[in-house]
Amino acid sequence: MPSSRSSRYPIQRWQIAEAQPDRASRLGQSLQLSPLVAQILINRGVATPEAAREFLEPEQQFLPSPLDDFPDLTIAIEILLNAISGKQFIAICGDYDADGMTSTALLMRALRYLGAVVDYAIPSRMQEGYGINRRIIEEFHQEGVSVILTVDNGITAHEPIALARELGLAVIVTDHHDIPPTLPDANAILNPKLIREDSPYRGVAGVGVAYILAICLAQCLQKTQDLTTPLLELFTLGTIADLAPLTGVNRRWVKRGLRLLPTSRNPGIEALVQVAGLSNEKALKPEAIGFRLGPRINAIGRLADPQIVIELLTTEEDGRALELAMKCEQVNQLRQKLCELIEQEAIAWCEQTRFQPQKERVLVIVQPNWHHGVIGIVASRLVERYGVPVFIGTYEEESEQQIRGSARSIPEFNVFEALQFCGDILEKFGGHRAAGGFSLKAAHLEEMRSRLRLFAHNQLQPQHLKPLVTIDVQANFRDLSHHLYEQLDALHPCGIENPDPVFWTPNVRVIEQQTIGRDKNHLKMTLAEADDPTMGIRALAWRWGEFYPLPDRVDIAYRLRLNDWNGVQSIELELVGVRPVEMKTDPLSLGLADAFAPSETKLDLSEKSEIPVEVGSSQKAGVKANGKLKSIALSVNSLLDQPVNDCVNKTSNTSDNQSSTRKADQTVHQKYDSANDLADASFIPFDYNHRQYVCCIKQSLTGTGRELKIRNAEEQLLTIDPDRQQGWMGDSQATGQAIDLAQAFYFNLMRSALCAVELAEKDQLLQEKDRQITLLTQQVESLKQKLSQVSALSPAVSAPVIRVSPSSTALKQPVPNSEGQIAALATVLSAGAQREIISIDPAEAYQADLLSTNAKSIDFSASGLRLCELLEREIVQPFFDRLQQSFLGRNGRTPLASIVPPVSPAIHHLPPFLANEWSVLREEILCSPEYPQEYWYDDVISDEVNEADRQTIHAFLAEWQTPIAFWLLHPQAASILSQIDQLQIIALDADACLYSWQFDLLRSFILGGG
């Protein structure tokens, strides 16, 4: 077997549910279930025998009448009853995704069965985008439509609906998307987000709302016979394809519908099942719809005419249904090819541009000639690959003036809020937490990319940037029996909010493994537990071909699958996670950092605690709370003045200088001078939701901890005690009004205040750094004067020549020699470059590997490369630019016989120009993960440049008269640059690691010291 040192792992973070063995054992005994299944129920919030019985038997759940939960349902039914009895024309406006198309087909079937005169329209995905629009309203009016019924859209269509009402049309909106601040002026609105939160109907998708409306209408007409079953099949198809939560009535109805689909009498569904290769299935599971039926429906909405699906699901002709199903199959195959092509091009772009997920924290990619209908699927794949939110777009025309795109996210990042953050430069946008769509002018692309990076840095911590594997419980292979699989089947249907159970097993041996599939994209293997090698089990890992070969021992996370081959059934594993066995296997020690996601932040501002702030590239993981902060301008830099999730309000212009910012802060403070406690300079001004506040962190009056105090312009004081998770409005908790900190307004206000404190602390830190840089600059100026005096005493043409380097075995550091101590590189760089060096903080690497248990394995490559790139920009490139200008400026040709200036200058080009011999660390020392007890050097002899040309180079440097030139003339300059190049080579190697001692050595060359 290959060794683990040569293998790669998927980049993941594991979050293992807390094991509750005693509780699981009691629950399992009461229900006659395995403790493993009982633990899974507890993880789902089903912790009592009563709740478990209701969950496992959803048909036993009490179901209230939809008429009681949907306030406008009665009005909608009355409008439709009048239209049916009066033979008025009803028109449905649907959507082009699976939910919208199944909803449209469902209502078309129901209304026709109930005797209505009905037709439908769906907006063009490419030309019009989502939702009902003016064109559709005007066409409906011209065709004599009396009632418009939207499905899966309409909740934000204020203007089109207002136009319809002006034209005398009745409008019923059925939708399930988020509620806008104001509702459109429709006759009736049916949306589950408008009903009580504990309603079992709360989680229905658009097709669920359509199903409820259709069944209630049929009950009023006493025509439910022969209608409920075909509508339930469409409900099941649309609900799963739309990724609706499988809770409440969704779980109840989907479980019933999945049993109906294999024997459906709907010609369209029957044909779709046939072309998807599911005809022999006795019962379907949600993944059969999610991965087989749903994509064939969605492919039409993405690449073709949605009318194909509507006709497929409403036709009664078997031949026509099969013909339309074959079209779905062909379009889906095209969709697969397009997705693969675009994904490959996107990955190539990321590699070409050296995209760094940990540094960028969001991927924004726009390319021409990509099909807008499938880029959302590619975005999801890129999220899986890189672990960051993805905003992907393509140009809408050949002139490349307009961009249209899609976004997909990770759990800790809210797409809709991110799009709101860019709202003023977007033409149009919409979506929710996990996904969204947008359009903008191409000229605003870089501004959008910049804002999204800023938003991502404020929302995401380094540990969030790895795909999350959520695990239920640890299991042994001997636990994985057919009996356990049958018990797990009772948890189905699984899907959103009721995911498939995931187990994990530590220290597993990989006995056999091979790549499979047309493109060798998948892994097939045989596994066994290390302490029970006789119990082998087969496993598959989809899309893991790039990780072949896996190490011979790993921890694995997996789902159970039943393999039925030639009538023989066996349990198999579907791997979803793998990690090295040397990591800690205590569940309580894993995923702790993940508990501090923005939506679940728990504040701890007690003495010596850390404020949970968003960490930028130059800050450590926490900033200590400081109750003695002075009132200072929050002008850290132009980026931090931009709004992030209401944490920081917009400034008038990003180019405003610090003095204007401070002036604005003083204006804010003048409002609060009348308040005694706010006269304290420790209060910090900030804006939230276009209102002004001040805040501070103070010792509580009881002396038991610290409190966050926020006061508004109306002199109202909000105090938050983080230890007890309580807040109150007023002078004291006893007399004040209790505040629910779970409310979004107060939670975001609290975050805004903490951001203000963080920015103030950052400003203080930067002021201290400014002071240090000023001292450093003074030292540089002093050094310049000394170097100028030295150069004035020596002829320009007789610069010192590098001699043989000191003995390699005698050097502890390559800096000192008989001609004097060489200055640190930072002292000869510009003030701006010095600031950059200081801002390159190795804490980034520690945060990037926050879950690593071995500090020696932390990779400092990213920080090291930033230092090397800075040196190439500040020293190498100017040297060669000046060299070429100097020689070509004299006679149009270079006088150097042995030198051809490189096209792309790098650090390794410089040493031969400076010396013919220098010292470098031996490779066996430099590549060791351990800090060497003694440095050992080898001499490097180069004949790339002849001695005459080198003398000319030295003369050129002496004439250059800059600190950089004087530094390069030092006999040890070649040794230092060559060793920096050695370290850069290690950092550039994707399979290598720049260890902490190597990074410290690199910094010592630049900043000086040991």
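Q: Which residue's side chain meets glutamate 707 in a salt bridge?
A: Let's start by noting that this is a predicted model. A salt bridge needs a side-chain nitrogen of Lys or Arg within 4 Å of a carboxyl oxygen of Asp or Glu. Here the N to O distance is 3.7 Å, and the partner of glutamate 707 is lysine 709.

Q: Are glutamate 707 and lysine 709 buried or exposed?
A: A residue counts as buried when its relative accessible area is under 20%. Both glutamate 707 and lysine 709 fall in that class, so the answer for the pair is buried.

Q: How many of the residues of strand S24 (residues 717-721) are buried?
A: Side chains in a regular strand alternate between the two faces of the sheet. In S24, Leu717, Thr719 and Asp721 point one way, while Leu718 and Ile720 point the other way. Residues on both sides are buried, so S24 is largely enclosed by the rest of the structure, and the count is five of the five.

Q: Which residue of S24 is the bridge partner of isoleucine 710?
A: Strand S23 (residues 706-712) pairs with S24 in the antiparallel sense, over four bridges. The two strands form a hairpin with four residues between them, and there glutamate 715 takes a positive phi near 70 degrees. The bridge partner of isoleucine 710 is leucine 718.

Q: Which residue in S25 stands opposite isoleucine 720?
A: S24 and S25 run antiparallel and are joined by four bridges. Opposite isoleucine 720 stands glycine 727.

Q: Which residue in S26 does glycine 727 stand opposite?
A: Strand S25 (residues 726-729) and S26 run antiparallel, with three bridges joining them. Strand S26 covers residues 737-739. The residue opposite glycine 727 is isoleucine 739.

Q: Is isoleucine 739 buried or exposed?
A: Leaving out residues up to four places away in sequence, isoleucine 739 touches Leu718, Gly727, Trp728, Met729 and Tyr746. Its C-alpha atom is also 7.2 Å from that of glutamine 726, 13 residues apart along the chain. At 11% relative accessibility, isoleucine 739 counts as buried.

Q: How many of the 14 residues of H10 are buried?
A: The cover over the buried residues of H10 includes helices H6 (98-113), H9 (206-220), H11 (248-260), H12 (267-275), H13 (286-303) and H14 (307-314). Among the buried residues are Pro230, Phe235 and Ala241. H10 is mostly covered, and the number buried is twelve.

Q: Which residue's backbone oxygen does the side chain of threonine 150 reach?
A: Threonine 150 lies in strand S4 (residues 145-151). With 0% relative accessibility, threonine 150 counts as buried, and its contacts, not counting residues up to four places away in sequence, are Cys93, Ile132, Ile172, Val173 and Thr174. At 2.8 Å, its side chain reaches the backbone oxygen of asparagine 153.

Q: How many residues apart in sequence are the parts tied together by glutamate 343 and arginine 543?
A: The side chains of these two residues meet in a salt bridge, at 3.0 Å from N to O. Glutamate 343 lies in helix H15 (residues 318-352), while arginine 543 is in the loop between strands S16 (532-541) and S17 (553-565). Glutamate 343 is buried at 10% relative accessible area, whereas arginine 543 is partly exposed at 42%. The pair ties together parts whose separation in sequence is 200 residues.

Notes:
Residues are numbered from 1 along each chain as its sequence is written. This is a predicted model: local features need pLDDT of at least 70, side-chain atom pairs count only at pLDDT 80 or more; totals for chains, interfaces and linings use all residues. Side-chain values use heavy atoms; hydrogens and water are left out. Buried means under 20% relative accessible area, exposed over 50%, partly exposed in between (1.4 Å probe, protein chains only). Contact means heavy atoms within 4.5 Å. A polar contact is a pair of N or O atoms within 3.5 Å; within protein, one must be able to donate a hydrogen and the other to accept it, and residues adjacent in sequence count only if both atoms are side-chain atoms. Two strands pair if DSSP finds at least two bridges between them.
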